[in-house]
Amino acid sequence: MDSGPSDETLLAAVAERDMSAFRTLYERHAGWLAIRLTRRCNDRDLVADAIQDTFVAVWQRPRGFRGDGDIAAWLWGIAIRRLVSRLRTRRGVAAVFEHPGAAPAAEDQVLLSVEYGDIGQALARLSPEMRAVIQAVVLDGLSAKEAAQLLHVPVSSVKTRLHRAKAHLRAVLAEGSS
Amino acid sequence: MTGWHLDDDVLRRYVERTDSLTEGASAEQHLLSCEPCRARVNAAAGVIELSVIDLAAVWDRTRDAIEVARPSVFERLLRGAGLPAHEARLVAVASAFRGVWLTGAAAVLAFAALAAAMGHARGLWLFLAVAPVVPCLVVASSYDPWMDPALEPELVTPYPALRLILLRTIAVLALALPAVLLFGLVVPGETAFAWLLPAVGFVAVVLAASTWVSPLRAAIAVSCAWLALVSLLATRPGSPDAIIQGRAQTGFLVLAAASFGIFLLRRRQLRQLRPWR
């Protein structure tokens, strides 16, 4: 595994305008950020732009990291918001609702339900639109407004879908426990 | 960091995007805090070549973006006005737009307007003499090769010199005319608009004359002629306003139109711009 200076050390060096530390930070994080962003947006050019924006932002404000939590989480927070703001200027780009071939095989379903319990199955039964909202708001921690921009739907729809999805999950879980 | 890591199947499904929402969410949560697993995702993405994104190219663009100096306020304004980035750079690089020049020109105008506003009889003449020639001096310095060393390489490139000069002129006028107008409002007894036509006319004359001589020489000649005319009129009785009133305005309009026509007709001569010495 890659051993070397920690991300914190690298970021401190970036604040001192160390280009090679910046390069290392990029190599360490650009890959998984790209993978995760392409799960949110199908347009690879947009994702590439968002990654560029993210690292430019890191270079300009390396002290934006307040030292709490993981640098990876901080980077992701920047990256998803850069993607949202790139999406805002572009129309007609589909955000990912459904992964290709997302229907898990039967044995995976069983494994999932063992690993995640009822919540996994409940989530799997949500419609793609509702899952996209859950993913954006609950898992990515975006605001309703940001999620609306990411998914190209009105803010009110995000709120409605989130509300319905929660109600749905609550119902399914209650059903399962009774 | 715990001893728990993504197993290879989960990792593969994550990178290939064949996982479910819950499994993906779980993987993502783990990845945020697990450096070894992130490295494995990076590696897997490279092997599977699912990541069509050319990260090396993105790195090059990122490095370029941070190494290029931030554009000046003026350049960003031009880009905000809809000018493409490379043209905004060409226009803004003119030495006339370096703050010193603009401040100097504004200070001269302000001084003249102040003198006029104080009600001093000579003050109004001073403003009358200075205000209309400031824009044409700034325009001339915006594309004179002697003032602007950056211009020479620009003129040997295929970029049309005419377009460059017009863009710069428009940019200068957009900055200078409101200033002339503003100071004109301070001057008593005269509508502010009266100063505009002479100013525009002189700019057009400088553009036309610069197809024969260097722009700066043209601007200096125009300024001298104007100063001579104003000082001649100043020795006579009557209001200084006369020179910018009524029929004189029509004259300036004709001067502007005719000069601009000549400039367009002779635009090919612009490539022969040479330092004035």
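## Chain A and its contact with chain B

In this predicted model, 35 residues of chain A are in contact with 29 residues of chain B. On the chain A side, two or more residues each come from helix 2 (19-38), helix 3 (44-60), helix 4 (71-88), helix 5 (106-116), helix 6 (118-124) and helix 7 (128-139). Helix 3 of chain A supplies the largest share of that side, eight residues. By residue class, the side of chain A that touches chain B divides as tabulated below.

| Class | Residues on the side of chain A that touches chain B |
|---|---|
| Nonpolar | 23 residues |
| Polar | six residues |

Of its 178 residues, 38% count as buried. Where contacts in chain A link residues at least 6 apart in sequence, 64% of them join residues at least 24 apart.

The largest nonpolar core has 56 residues. Val47(A), Ile51(A), Leu83(A) and Val133(A) have the most contacts inside this core, and helix 2 of chain A gives the most to it, with nine residues. Apart from this core lies another, of 39 residues, among them Leu128(B), Val130(B), Val200(B) and Val203(B). In soluble globular proteins, nonpolar side chains tend to be buried together.

Val133(A) may be taken in more detail. Beyond its neighbours within four places in sequence, Val133(A) is in contact with Ala147(A), Leu151(A), Val158(A), Arg161(A), Leu162(A) and Ala165(A).

Note on methods:
Residues numbered from 1 in each chain as written. Chains lettered and ligands numbered in written order. Predicted model: local features only at pLDDT ≥ 70, side-chain atom pairs only at ≥ 80, totals over all residues. Buried ≥ 20, exposed ≤ 12 C-beta atoms within 10 Å, placed from the backbone. Contact = placed C-beta atoms within 7 Å. Helix = DSSP H or I, 4+ residues; strand = E, 2+ residues; numbered from the N terminus. Nonpolar A, V, L, I, M, F, W, Y, C, P; charged D, E, K, R; others polar. Core = buried A, V, L, I, M, F, W, Y, C linked by C-beta atoms within 7 Å.
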